[in-house]
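Dear colleague,

Please find the structure below, together with its sequence. My notes on what was found in it follow.

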Amino acid sequence: MAKSIFREYDIRGIYQKELSEDMVKKIGYFFALEVKAKVKNAKYISVGYDARIHSPQLEEWLISGINYAGLEVLTMGLVPTPVNYFSNFVALEIPNQVGNDDVSSSSGLTSPSSSGLTRGSSPYQTSASVMITGSHNPPEYNGFKITIDKQPFFGEDIYTLGDTVISSDIKIPDNTTSIAIDAKDKYVDYLVKEFKDLDLSGHSFVFDCGNGAAGAVLGSILKKLNIDSKIMYEEPDGNFPNHHPDPSELETLNDIKKELSTKKYTLGFAYDGDADRIAILSQNYNFKGDILALFFSRFIENPVVIGEVKCSQVMYDIINTYGKAIMYKTGHSNLKVKIKETNASFAAEVSGHIFFNDRYFGYDDAIYSTLRALELVDNGFDYDGEYEKLPQVFSTDEINIDTTEEKKFKIIEELEQKLKNPPKDFPKIKEIITVDGLRVVFENGWGLVRASNTTPKLVTRFEATDKQTALYYQKELLEFLK
């Protein structure tokens with residue numbers, strides 16, 4: 001059970017049952033030792049948390065572990081995951097003194113705090129960050145998304161950390177000493193400055209925060225940019241009283257669809273629990289991440305776009321007519337590394353992770369992606385009209401097949417071998433792409449079978465020129481898989 005919380009992209013488990021006090025303190029301690037080993041003169045680790053009710057408790061345990069290892073903690077409180085990522089790229093400062101009403105926060109000035117420092121006077125540069133978040137998982141879950149020296153901490157690094165934590169019997173005392181820093185306001189000010197020229201007069205938009213962390217920053221940004229909007233479920237609440245914060249599940253979009261049906265709004269935006277994933281909707285369509293990648297790429301000169309293996313072939317084919325599209329592995333950590341390797345303009349996942357490297361820092365940020373999407377509206381872009389011009393294909397939703405952690409990758413290996421000599425009546429295979437699982441390319445579409453890196457499941461998806469053909473490929477490949 002303990003080992004299973006250390007996953008490919010992050011650490012995730014059930015509060016208390018798996019993420020116990022002892023476990024979390026050890027994670028903080030051994031991770032801090034890793035930071036000290038990898039980053040010269042490392043001193044600080046920045047920590048933020050999402051709306052889950054147990055996040056503040058996990059923060060205290062994590063801080064105790066980091067302090068015991070000899071590093072200091074910069075705390076930012078309740079923020080979206082992108083704010084935590086943002087902390088790696090800017091000098092951080094202490095916040096305005098609580099209760100200081102005579103100087104506005106936007107002025108960059110304040111009276112001296114109790115420590116004698118002023119806002120903007122003593123910047124801190126973090127060497128690593130930890131975001132305490134359960135993302136879109138049920139309320140009893142929580143976890144950690146980790147960055148060292150601006151790069152994701154994942155894969156073998158997480159697995160090795162897990163082995164070290166589990167094998168250790170070290171006892172770590174309580175020590176919640178930390179430095180409160182102003183990451184949220186700095187993030188808001190940065191985005192407002194970047195998009196200060198937006199002119200969306202004549203348009204109104206609806207936003208569904210799902211009681212997740214997006215509500216901590218979104219309203220302030222929209223107000224400062226004078227964007228006419230309605231925000232639903234803005235108050236962060238880890239019980240998620242209105243709906244589960246996962247915009248990839250269609251039922252979670254029912255409320256925002258009702259708002260859009262009133263025809264008051266140009267577009268709607270919905271966020272997952274920690275606001276690194278987005279859904280963008282019009283009155284007629286739900287624009288998936290690969291379609292959004294197509295739209296965004298048209299406003300970038302000579303774009304280089306990385307897509308995951310689940311992205312539509314339409315995206316790859318069209319972008320390759322005026323730029324370069326690269327197919328790569330699913331997973332936010334994988335895509336961040338690939339962006340740095342290729343200096344791509346941005347990367348996209350079908351689920352709504354959008355990673356802008358063009359004019360930004362190369363990590364997935366649903367709030368920043370919102371503003372880039374609004375920028376297209378300002379430029380006169382017609383989302384529905386442009387979508388309807390695209391070659392129309394039928395794509396299935398993801399179909400997950402239960403298996404075990406031990407079997408899932410072995411099944412993919414065996415399937416690859418068997419597909420080299422398929423039955424005579426099997427659909428003709430043009431190509432098998434093995435960048436992440438098996439993307440089997442047929443004459444009029446493709447089918448994907450890959451092992452999930454985070455759950456004991458196989459993930460499948462199918463696309464073809466029409467629904468009948470897609471379902472035919474689905475039937476044949478899944479029967480062959482059985």
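An open sheet is built from 4 strands in the order 14-13-15-16, and its pairing is mixed. Strand 14 (324-328) and strand 16 (354-356) are at the edges with a single partner strand each, so one side of each has no neighbour in the sheet. On average, neighbouring strands of this sheet are turned by 15° against each other, direction ignored. Please keep in mind that the model is predicted.

Within this sheet, strand 13 (residues 304-308) and strand 15 (residues 346-348) pair in the parallel sense, over 3 bridges. To locate this pairing on the screen, you may look for G307, which stands opposite A348 in strand 15.

Two helices lie across these strands. Helix 8 (residues 289-297) lies across strand 13, strand 15 and strand 16, and runs at about 155° to strand 15. Helix 10 (residues 332-342) lies across strand 13, strand 14, strand 15 and strand 16, and its direction is at about 140° to strand 14.

F205 has S229 in strand 9 as its bridge partner.

**Helix 1 and its contacts**

Which helices does helix 1 meet? Helix 2 and helix 4 are described here.

The axes of helix 1 (residues 21-38) and helix 4 (residues 156-167) come within 10 Å and cross at roughly 125°. That angle makes helix 1 oblique to helix 4. The crossing of these two helices is right-handed. On the side of helix 1, the contact is made by M23, K26, I27, F30, F31 and K38, which meet D157, L161, T164 and V165 in helix 4. Sorted by class, this contact of helix 1 with helix 4 has 6 nonpolar, 1 polar and 3 charged residues.

With helix 2 (residues 55-68), the axis of helix 1 comes within 7 Å, and the two cross at roughly 40°. Helix 1 and helix 2 are therefore oblique to each other. Here, too, the crossing is right-handed. The residues of helix 1 in this contact are E21, V24, K25, I27, G28, Y29 and A32, and they meet L58, W61, L62, S64, G65, I66 and Y68 in helix 2. The contact of helix 1 with helix 2 divides into 9 nonpolar, 3 polar and 2 charged residues. I27 of helix 1 takes part in the contact with helix 4 and in the contact with helix 2.

**Aromatic pairs**

How many aromatic pairs does the count come to? The count comes to 37 aromatic pairs. One example is formed by Y44 and Y124: their ring centres are 5.2 Å apart and their planes stand at 90°, so the pair is edge-to-face. Y44 lies in strand 2 (residues 44-49), whereas Y124 is in the loop between helix 3 (81-86) and strand 4 (128-132), so the pair ties together parts that are 80 residues apart in sequence.

With kind regards

Key: Residues are numbered from 1 along each chain as its sequence is written. This is a predicted model: local features need pLDDT of at least 70, side-chain atom pairs count only at pLDDT 80 or more; totals for chains, interfaces and linings use all residues. Side-chain values use heavy atoms; hydrogens and water are left out. Axes are lines fitted to C-alpha atoms, for helices over the stretch in contact, and angles run from 0 to 180 degrees between N-to-C directions. Angles under 35 degrees count as roughly parallel, over 145 as roughly antiparallel, 65 to 115 as roughly perpendicular and the rest as oblique. A crossing is left-handed if the near helix is turned anticlockwise from the far one by less than a right angle, and right-handed if clockwise. Contact means heavy atoms within 4.5 Å. Ala, Val, Leu, Ile, Met, Phe, Trp, Tyr, Cys and Pro count as nonpolar, Asp, Glu, Lys and Arg as charged, and the others, Gly among them, as polar. Two strands pair if DSSP finds at least two bridges between them. Rings of Phe, Tyr and Trp (its six-membered ring) pair if their centres lie within 6.5 Å; planes under 30 degrees apart count as stacked, over 60 as edge-to-face and the rest as tilted.
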